[in-house]
Amino acid sequence: EGKPLALDIFDPGCTVCLRSYRNQKADGFFDRFNTILIVYPISLPDGGYKFNNSELITRYIYAAALTKQEYAAKIIERLFTESDQSGVNYQSVMQNASSEEAEKLLRSWLQDFGAKPTTIKEISQLAGGEQVANILNSVKNMVEDKIHAKGIPTLIYDGKKHNGIYR
């Protein structure tokens, strides 16, 4: 619709990414740019991930996106902008949860968003499947080998790469 394109690379467990997302939202960034959100769980040399449950959340976001519903965007929005009944932001809740607790919470969010039980099951299966694993590998290759992101978050807009928090 005539808006310029932006790429926003973030890790769902990264607190700087959370602040950057909130700043972008408050500044109207998402209204000014057609923004492609690229979810990239930061991996460690030992094969693990920097933030607890980042890979699981990423898998659910990509699996939800495959269903062609708005669930992926809603997961990101809730993760970065909402809190549980105790007032703890959901990113922190996910950081402190076991993988089983995190997956249960993601499924409950999908239910909250109106997903039917069959869709929740489909997303769960996709999240653990080869198609999403291939997406994660492609994203890793793009972020590390093509974009050469020096840090996360990374934004690309107005023809420039911007590392770190959006101000």
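Me: Which residue stands opposite L7 in strand 3?
Reply: In this predicted model, L7 stands opposite I156 of strand 3.

Me: And how do strand 1 and strand 3 pair?
Reply: Strand 1, residues 5–10, and strand 3, residues 154–157, pair in the antiparallel sense. Three bridges connect the two strands.

Me: What holds paired strands together in general?
Reply: Strands of a sheet pair through backbone hydrogen bonds, in either a parallel or an antiparallel manner.

Me: What is the order of the strands in the open sheet?
Reply: The order is 2-1-3-4, so to speak of the sheet as a row of four strands, and the pairing is mixed.

Me: Which strands stand at the edges?
Reply: Strand 2 (34–39) and strand 4 (160–163) do. Each has a single partner strand, so one side of each is left without a neighbour in the sheet.

Me: How many degrees are neighbouring strands turned against each other?
Reply: On average the turn is 15 degrees, with direction ignored.

Me: How many bridges join strand 3 to strand 4?
Reply: There are four bridges, and the two strands run antiparallel. Within this pair, T154 stands opposite N163 of strand 4.

Me: What about the hairpin of those two strands? Which residue takes a positive phi?
Reply: That residue is D158, with a phi near 50 degrees. The hairpin of strand 3 and strand 4 has two residues between the strands.

Me: Changing topic to helix 1: which of its residues are buried?
Reply: The buried residues of helix 1 are C17, L18, S20, Y21 and Q24. Seen down the helix axis, these residues fall within an arc of 165 degrees, so they line one face of helix 1.

Me: What do they pack against?
Reply: The buried residues of helix 1 pack against strand 1, helix 2 (29–32), helix 4, helix 5 (90–95) and strand 3.

Me: How far does helix 1 reach, and what follows the helix?
Reply: Helix 1 covers residues 15–27, which is 13 residues, and reaches 18 Å from its first C-alpha to its last. That is close to the 18 Å expected at 1.5 Å a residue. Helix 1 is followed by G28, whose phi is positive, near 80 degrees.

Me: Now helix 8. Which residues are buried there?
Reply: V132, L136, V139 and V143 are the buried residues of helix 8. They cover an arc of only 65 degrees around the axis, which puts them on the same side of helix 8.

Me: Which exposed residues does the face turned away from the buried side carry?
Reply: That face of helix 8 carries E130, N137 and K146. The buried residues of helix 8, for their part, pack against strand 1, strand 2, helix 3 and helix 7 (117–127).

Me: At what angle do helix 3 and helix 4 pack?
Reply: Helix 3 (residues 54–66) and helix 4 (residues 71–81) pack at about 145 degrees, with their axes 7 Å apart. Helix 3 contributes I57, Y60, I61, A64 and A65 to the contact, while helix 4 contributes Y71, A72, I75, I76 and L79. By class, this contact has 10 nonpolar residues, no polar residues and no charged residues.

Notes. Residues are numbered from 1 along each chain as its sequence is written. This is a predicted model: local features need pLDDT of at least 70, side-chain atom pairs count only at pLDDT 80 or more; totals for chains, interfaces and linings use all residues. Side-chain values use heavy atoms; hydrogens and water are left out. Axes are lines fitted to C-alpha atoms, for helices over the stretch in contact, and angles run from 0 to 180 degrees between N-to-C directions. Contact means heavy atoms within 4.5 Å. Ala, Val, Leu, Ile, Met, Phe, Trp, Tyr, Cys and Pro count as nonpolar, Asp, Glu, Lys and Arg as charged, and the others, Gly among them, as polar. Two strands pair if DSSP finds at least two bridges between them. The expected span of a helix is 1.5 Å times one less than its number of residues. Buried means under 20% relative accessible area, exposed over 50%, partly exposed in between (1.4 Å probe, protein chains only). The arc is that of the directions from the helix axis to the C-beta atoms.
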